[in-house]
Amino acid sequence: MAGMMMKVLCMMVACMVVAAPYAEALSCGDVVSKLSPCLDYLKHGGKVSSSCCKGVKGLNAAAKTTSEKKTACGCMKNAYKSISGIKADNALVLPKKCDVDIPYKISPNTDCNKYGKVSLRLKG
């Protein structure tokens, strides 16, 4: 457990360093914080917790501007690459399981610049 917390903390610091020059309202620290309840699902599958979906929906609501959407995408991409054990299939279906529609796949290969003008939106 301490090792996982250290990885999450390191990821948050790395994201903050990467995002600092852009000075956006949404930071990688925010993204990691909102999505950290999802780590168990992302690694092991099963039922998505309500706290995970709350974070996914909170991130969706926080990413309002084009810049913030690119930040959220990039931070998710970097987190995916840096946290070992995330299963691709789980990452791909997480937004849908939380009733959130995003215009890109959560993947280490996503080109976040391609999706700058699209909106994150709740399904329903």
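## Asp 99 and its loop

Asp 99 sits in the loop between α6 (88-97) and β1 (100-101). The model is a predicted one. Asp 99 is not a glycine, yet its phi is positive, at about 60 degrees. Most residues other than glycine have a negative phi. The residue is partly exposed: the relative accessible area of Asp 99 is 43%.

Cys 98 lies in the loop between α6 and β1 as well. Cys 98 is buried, with a relative accessible area of 1%.

## Overall layout

The protein chain holds 6 helices and 2 strands. Read from the N terminus, the order is α-α-α-α-α-α-β-β. The chain has 124 residues, and 40% of them count as buried.

Take the contacts between residues at least 6 apart in sequence: 66% of these join residues at least 24 apart. The accessible surface is about 7000 Å². Carbon and sulfur atoms account for 58% of that surface.

## Disulfide pairing

How many disulfides does the chain have? The count comes to 4. With the bonded cysteines numbered in sequence order, the pairing reads 1-6, 2-3, 4-7, 5-8.

## Cys 28 and Cys 75

The sulfur atoms of Cys 28 and Cys 75 are 1.8 Å apart, and the two residues form a disulfide. This pair links distant parts of the chain: Cys 28 is in helix α2 (residues 28-35) and Cys 75 in helix α5 (residues 66-82), 47 residues apart. The S-S torsion of Cys 28 and Cys 75 is about -80 degrees, so this disulfide is left-handed.

Are the two ends buried or exposed? Cys 28 is buried, at 3% relative accessible area. Cys 75 is buried too, at 1%.

## Cys 53 and Cys 98

Cys 53 and Cys 98 form a disulfide with their sulfur atoms 2.1 Å apart. Cys 53 belongs to helix α4 (residues 50-62) and Cys 98 to the loop between α6 and β1, so the bond ties together parts 45 residues apart in sequence. The torsion about the S-S bond of Cys 53 and Cys 98 is about -80 degrees, so the link is left-handed. Cys 53 counts as buried at 13% relative accessibility.

## Cys 73 and Cys 112

In the disulfide of Cys 73 and Cys 112, the sulfur atoms are 2.0 Å apart. Cys 73 is in helix α5, while Cys 112 is in the loop between β1 and β2 (121-122), 39 residues apart. The link of Cys 73 and Cys 112 is left-handed, with -75 degrees about the S-S bond.

Cys 73 counts as buried at 3% relative accessibility. Cys 112 counts as buried at 11%.

Note on methods: Residues are numbered from 1 along each chain as its sequence is written. This is a predicted model: local features need pLDDT of at least 70, side-chain atom pairs count only at pLDDT 80 or more; totals for chains, interfaces and linings use all residues. Side-chain values use heavy atoms; hydrogens and water are left out. Helices (H or I, at least four residues) and strands (E, at least two) are DSSP runs, numbered from the N terminus. Buried means under 20% relative accessible area, exposed over 50%, partly exposed in between (1.4 Å probe, protein chains only). Contact means heavy atoms within 4.5 Å. Accessible areas come from the Shrake-Rupley method with a 1.4 Å probe; for residues, only the protein chains shown count as cover. A disulfide is a pair of cysteine sulfur atoms within 2.5 Å.
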